[in-house]
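Dear colleague,

Please find below the structure that I am handing over to you. My findings follow directly after it.

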Amino acid sequence: MHVELYKIPQGGPDDVSGLDRLIQDGKLNPADIVALLGKTEGNGCVNDFTRGYAVQTLKHYLSGHIGADAASQLVYVMSGGTEGVLSPHLNVFTRSQRPDLPQRWGLVMGVAHTRDFTADEVGTVAMVKIVAEAVMGAIAQAGLEPDNVHFVQIKCPLVPAAQSAEQRSSYQSMALSRGASALGIALALGEITPEQVPAAAICHNYSLYSGRASTSAGVELKNCEIFVLGNAAHATGSLLVGHDVMAHALDADAVTRALNSTGQPNGEIINVFAKAEADPGGYVVGRRHTMLDDSDISHTR
């Protein structure tokens, strides 16, 4: 399996010029694309429609190259919010077979889609189990052992307040969807057991987690779109992936630990994917923070 990653700057959520340039120059075969992970300049919250706009634009563009059916089968993970130093960009993953190259220990990947979830399934134990099955399918597709999986990315749905039978806010739905998806990953990787996940544990028992999960919720889809990255002996590319768990939102040393876990700490860094939010305990490195109490700016910002 030959996996490549192309990092492409974007001038806006509808900007496919960088992707088009790579395709037109023959540097990227659109038929090899399996997943696209992007950061848009939307607010990243419930009403961030730049995510859906970006996905719609990419599907329309790629349909002209590989057909609408093939384009709809790709994994699209668009994440809003580029405050600070983040620059809007696309990460385009390609997967192909290169029998002309020697096999080596390196990056392989698998993808999966779940079925659509009903509004009352989002954020529940049922979602945990369905996600776990899909993640296991992606792991098998990649030819990976669970211990060699380093990163699982999921784009999951949220339920708008008007569609919530339990009177949940959209923010609650967003959190529960991400939490259930992350626990589905943990279940698939053997980090937790099914008995450890009663409904009351989701987004409440923080001793249950996955050290390799990244989940992002959005109103632009009803199912979960998933890709799995890991290292295996049947790779033919030059890439490796590693991971580590941040102890807190300022734990920059986690990047060094993740690099060390690849076995090639001095290699070129293509990208670092990180996920962090305000500590629910109200403290970070022993100091009180006010992000959970700010009435003007949500802690998710």
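**Aromatic pairs and nonpolar cores**

Phe 151 is buried, as its relative accessible area is 10%. Please note that this is a predicted model.

Phe 151 forms an aromatic pair with Phe 273; the two rings are stacked, at 5.5 Å centre to centre and with 25° between the planes. This pair links distant parts of the chain, 122 residues apart. Phe 151 belongs to strand E6 (residues 149-157), whereas Phe 273 is located in the loop between helix H6 (253-261) and strand E9 (283-284).

In total, the structure holds 3 aromatic pairs. Another of them consists of Phe 93 and Phe 227, whose ring centres are 5.1 Å apart. The planes of these two rings stand at 45°, so the pair is tilted. Here, too, distant parts of the chain are linked: Phe 93 is in strand E4 (residues 89-96) and Phe 227 is in strand E8 (residues 225-235), 134 residues apart. Phe 93 is buried, at 1% relative accessibility, and Phe 227 is buried with a relative accessible area of 0%. Phe 93, Phe 151, Phe 227 and Phe 273 form one aromatic cluster.

E4 runs antiparallel to E1, to which 8 bridges join it; Asn 91 in E4 is the bridge partner of Lys 7. E4 is also antiparallel to E2, with 6 bridges between them, and Phe 93 is the bridge partner of Ala 35.

Phe 227 also has a place in the largest nonpolar core, which has 59 residues: together with Val 135, Phe 227 touches the most other members. Among the elements that each supply at least two residues of this core are strand E1 (2-9), strand E2 (33-40), helix H4 (125-142), E6 and E8. H4 gives the most, with 10 residues. Leaving aside neighbours within four places in sequence, Val 135 is in contact with Val 152, Ile 154, Ile 185, Ala 188, Ile 226 and Val 228. Another core, of 19 residues, lies apart from this one, and its members include Ile 23, Ala 71, Leu 74 and Tyr 76.

With kind regards

Note on methods. Residues are numbered from 1 along each chain as its sequence is written. This is a predicted model: local features need pLDDT of at least 70, side-chain atom pairs count only at pLDDT 80 or more; totals for chains, interfaces and linings use all residues. Side-chain values use heavy atoms; hydrogens and water are left out. Rings of Phe, Tyr and Trp (its six-membered ring) pair if their centres lie within 6.5 Å; planes under 30 degrees apart count as stacked, over 60 as edge-to-face and the rest as tilted. Helices (H or I, at least four residues) and strands (E, at least two) are DSSP runs, numbered from the N terminus. Buried means under 20% relative accessible area, exposed over 50%, partly exposed in between (1.4 Å probe, protein chains only). A nonpolar core is a set of buried Ala, Val, Leu, Ile, Met, Phe, Trp, Tyr and Cys residues joined through side-chain atoms within 4.5 Å. Contact means heavy atoms within 4.5 Å. Two strands pair if DSSP finds at least two bridges between them.
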